[in-house]
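Welcome! Here is a short briefing to read alongside the model, covering a helix pair and a cavity.

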Amino acid sequence: MKPNLSRIIAGTMTWGKWGKNLNTNQMISLLETCIENGITTFDHADIYGGHTTEGEFGKAFKESGIERHDIQLITKCGIKYISDKRNYTIKHYDYTQEHIIWSVENSLKNLQTDFIDVLLLHRPSPLMQADEIAETIDKLRNQGKIRSFGVSNFTPSQTELIQQKIKIDYNQIQFSVTHHEAMTNGELDFMQLHSITPMAWNPLGVVFREDIPQTQRIKNILNQLAGKYNTNPDTSLLAWILQHPSTVYPVIGTTDSQRIKNSTDALSVKLELEDWFAIWTESMGNKVP
């Protein structure tokens with residue numbers, strides 16, 4: 001049974017050493033800000049911060065006094081990432097039963113929790129064995145260590161390979177106004193057909209990170225629509241994603257309290273049909289086919 005996730009998810013990748021390097025008190029404050037704004041789901045991966053962010057978050061969560069039933073935790077496993085915490089010689093993937101179980105038990109310890117709401121396989125491996133993965137997930141679920149299962153960055157065929165053996169509930173993919181191919185390459189269609197909930201990482205795309213013709217056009221149309229919807233660009237970009245019928249759950253990476261509020265404001269914005277297509281058109285740089 002799928003857990004009740006918040007529609008906007010807080011991504012923790014930049015909370016630690018890979019970004020803001022927040023201390024325990026700052027993480028507690030950020031946790032509280034997210035919850036105050038209705039964001040109760042937190043997205044992790046074992047590799048974030050070079051295998052350190054889960055543990056830092058877990059310490060903050062424990063000290064915060066927040067009840068476990070008030071939040072939902074997502075984590076990802078499978079990437080063996082080189083860091084001073086791991087003695088690997090090359091970055092690679094491992095979806096053996098031994099490694100998945102070890103990863104989950106390590107994440108439980110780091111996050112200071114008894115269960116993970118959603119476990120995702122971080123990236124597909126050409127060597128993954130669907131039968132072994134299914135058996136492992138069943139075992140973890142029966143033990144109460146995970147509640148739900150999904151994948152991340154999997155194509156439809158890779159998803160189907162696993163789903164032939166075990167139900168997949170989620171696929172976390174890159175999807176935004178600047179990376180919108182999932183709408184036309186079959187990824188989101190496949191998820192709708194198979195009742196798989198999409199999560200979108202980097203949901204604002206490169207709009208605020210790259211000054212290129214595409215982002216200039218997008219900013220212009222967002223500015224034109226700002227008065228009509230009484231919104232800012234963050235809110236409009238997320239509203240555009242949220243309007244897709246596949247019911248996308250954006251994973252936002254910001255640690256700024258105002259931008260967190262802007263994100264949840266998107267839940268109450270409904271773009272008119274022509275405005276939705278106008279944003280897509282400006283991203284493509286040409287009219288729809």
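At what angle do helix α9 and helix α10 pack? The angle is about 40 degrees, and the axes of α9 (residues 233-242) and α10 (residues 257-265) lie 8 Å apart. This is a predicted model, in which local features need pLDDT of at least 70, side-chain atom pairs count only at pLDDT 80 or more, and totals for chains, interfaces and linings use all residues. Residues are numbered from 1 along each chain as its sequence is written, and side-chain values use heavy atoms, leaving out hydrogens and water.

**The helix pair**
- Helices here are DSSP runs of H or I with at least four residues, numbered from the N terminus.
- Axes are lines fitted to C-alpha atoms over the stretch in contact, with angles from 0 to 180 degrees between N-to-C directions.
- Asp 234, Thr 235 and Leu 238 of α9 meet Arg 259, Asn 262, Ser 263 and Asp 265 of α10, contact meaning heavy atoms within 4.5 Å.
- By class, this contact has 1 nonpolar, 3 polar and 3 charged residues (Ala, Val, Leu, Ile, Met, Phe, Trp, Tyr, Cys and Pro are nonpolar; Asp, Glu, Lys and Arg are charged; the others, including Gly, are polar).

**The cavity**
- The largest cavity has a volume of about 60 Å³ (a set of points on a 1 Å grid over the protein atoms alone where a 1.4 Å probe fits but cannot get out; lining residues have an atom within 4 Å of a point; points are joined across faces, edges and corners, and volume is the space filled by probe spheres set on them).
- Helix α4 (residues 97-111) gives the largest share of its lining, 5 residues.
- Among the lining residues are Asp 46, His 51, Arg 86 and Trp 102.

Technical notes. Helix = DSSP H or I, 4+ residues; strand = E, 2+ residues; numbered from the N terminus. 1 Å grid on protein atoms, 1.4 Å probe; cavity = no way out; pocket = protein on both sides within 12 Å on 5 of 7 lines; lining within 4 Å.
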